[in-house]
Amino acid sequence: MKRFAVFGNPINHSLSPMIHNEFANEFGIELSYEKILSPIGDFALTANEFIKDGGLGFNITVPFKLDAFNFCEELTSNARAAGAVNTIKVQNKVIYGENTDGNGLVNDLENNLGESLGGKEILIIGAGGATQGILKPILDKNPEKILLANRTSEKSIKLANDFLKFGKVCGFGIHQIKPKPVDIVINATSASIGGGMLDLPSGLCEDALCYDLMYGMQTPFMKWALENSARQVSDGLGMLVEQAALSFNFWHGKSPKTDSVIRLIRETSD
Ligand code: ATR
C-alpha cells in the first residue's frame, strides 16, 4: 500500500485524509493517508521516520511549513517564493518540496468562483506566512496590482518589496486603506481565529469579491462584507480542496475533480 500523510500540531481536525481518499477513489488508486502529530521541534525526526518506513509523500500544515522548507533537498519555484513547503514527495531518495497553497487559492477563485485575476485590483490584508504563500501565484496571473495592507506596516512594505520582481505590489498600513472599491479583497490575517474584526472602511468592498482564507465558519470579515454590499463572499474551503488536488497531482500526476469534494464537505458540515 502506498503511504501518504499530513503532519501538523494539532492535527486531529484535518480534512486532508478524507479529501485524498475521495481523490484516490476517483482514479482507483490504493493508498493510505494518515494524520501524524509531530512534536513541536521534532519535525525532521518524525518526517525521517515516516520516509524510512516507506512514506512516499506528505502534506505539512501549521506550524511546520518552514521546518518542511528547510528539510527539503529540492524546491519548486513556488516553494522558494513562499519560503514554506506544504507538500513533500520522495522520489529516487530525493526529498522534493512544493507549495500548492497559492495556486490552490488561484484555482478556487478562477475555476470555482468564476473570478479571473488578470487586470484586477486586489487588496490583500495581512503580511504573515499565509500572504507570502499566495503572492507569487496571484502575481503570475497579471493582476492590475496588489495592494498589501498590514497592521504592522513595516512588514507589508518589506514583503511587497521582496515580491516586486514578480509584478506590481505595494505595501502600506491597514489604517491607510482607502474607502474606494477594489475588485477583490482577501483576508489573509489570523484575526478571524480569535473572532476579531478588522477595522476596515465600508466603501472598500462594494461590488467586490471578498475571500477569507479561513474555512469552517462564517468569519467576522465575511459577515462585514455581506453587510457592506460585497458582490460575492467566500471562505477558504475551496482553497483547501484545490491545494490538496495540486498535491495529489504532484504525487500521482493526475488532476482530481474538486467540485464534488467541496460539495461533500459543505453538506457534511451543515
Ligand atoms: P499566518 O501564517 O496565518 O499568516 P502569521 O505569520 O502569524 O500567521 O501572520 C498573521 C497575520 O495576521 C499578520 O499579518 C498579523 O498582523 P501583524 O503583522 O501586524 O501582527 C495579522 N493579524 C493577526 N491578528 C490581527 C488583528 N487582530 N488585526 C489585524 N491584523 C491581525
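Visitor: In which loop does Pro63 lie?
Guide: Helices (H or I, at least four residues) and strands (E, at least two) are DSSP runs, numbered from the N terminus. Pro63 is joined to Val62 by a cis peptide bond, with omega about 0°. Its place is the loop between strand 3 (55-60) and helix 3 (65-71).

Visitor: What kind of model is this, and how are its residues numbered?
Guide: Residues are numbered from 1 along each chain as its sequence is written, and side-chain values use heavy atoms, with hydrogens and water left out. Local features need pLDDT of at least 70, side-chain atom pairs count only at pLDDT 80 or more, and totals for chains, interfaces and linings use all residues, for this is a predicted model.

Visitor: What is the value of phi for Lys93?
Guide: Lys93 belongs to the loop between strand 5 (87-91) and strand 6 (94-98). It is a residue other than glycine, yet its phi is positive, near 65°.

Visitor: How far apart are the centres of domain 1 and domain 2?
Guide: The bounds come from an automatic or database domain assignment. This assignment gives domain 1 (2-99 + 238-269) and domain 2 (102-235). Taken over C-alpha atoms, the separation of their centres is 25 Å.

Visitor: How many residues does each domain bring to the contact?
Guide: Contact means heavy atoms within 4.5 Å. By this rule domain 1 brings 16 residues, and domain 2 brings 18 residues.

Visitor: What area is buried between domain 1 and domain 2?
Guide: Buried area is the accessible area (1.4 Å probe) that two parts lose on being put together, summed over both. Carbon and sulfur atoms give 53% of it here. On the side of domain 1, Ala81, Met239 and Glu242 lose the most, together 39% of what that side buries. The area buried between the two domains is about 1300 Å².

Visitor: How many salt bridges are counted between domain 1 and domain 2?
Guide: The side chains of Asp235 and Arg266 form a salt bridge, at 3.0 Å from N to O. Between domain 1 and domain 2 the count is one salt bridge.

Visitor: Which residues come nearest to the ligand?
Guide: A residue is near a molecule if one of its heavy atoms lies within 4 Å of it. A polar side-chain atom of Asn150 lies 2.7 Å from an oxygen atom of the ligand, and for Thr152 an N or O atom of the side chain is 2.4 Å from a ligand oxygen. Of the 13 residues around the ligand, those that come nearest are Ala127, Asn150, Arg151, Thr152 and Lys155.

Terms used
Salt bridge = Lys/Arg side-chain N within 4 Å of Asp/Glu carboxyl O. Polar contact = N/O pair within 3.5 Å; in protein donor to acceptor, adjacent residues only side chain to side chain.
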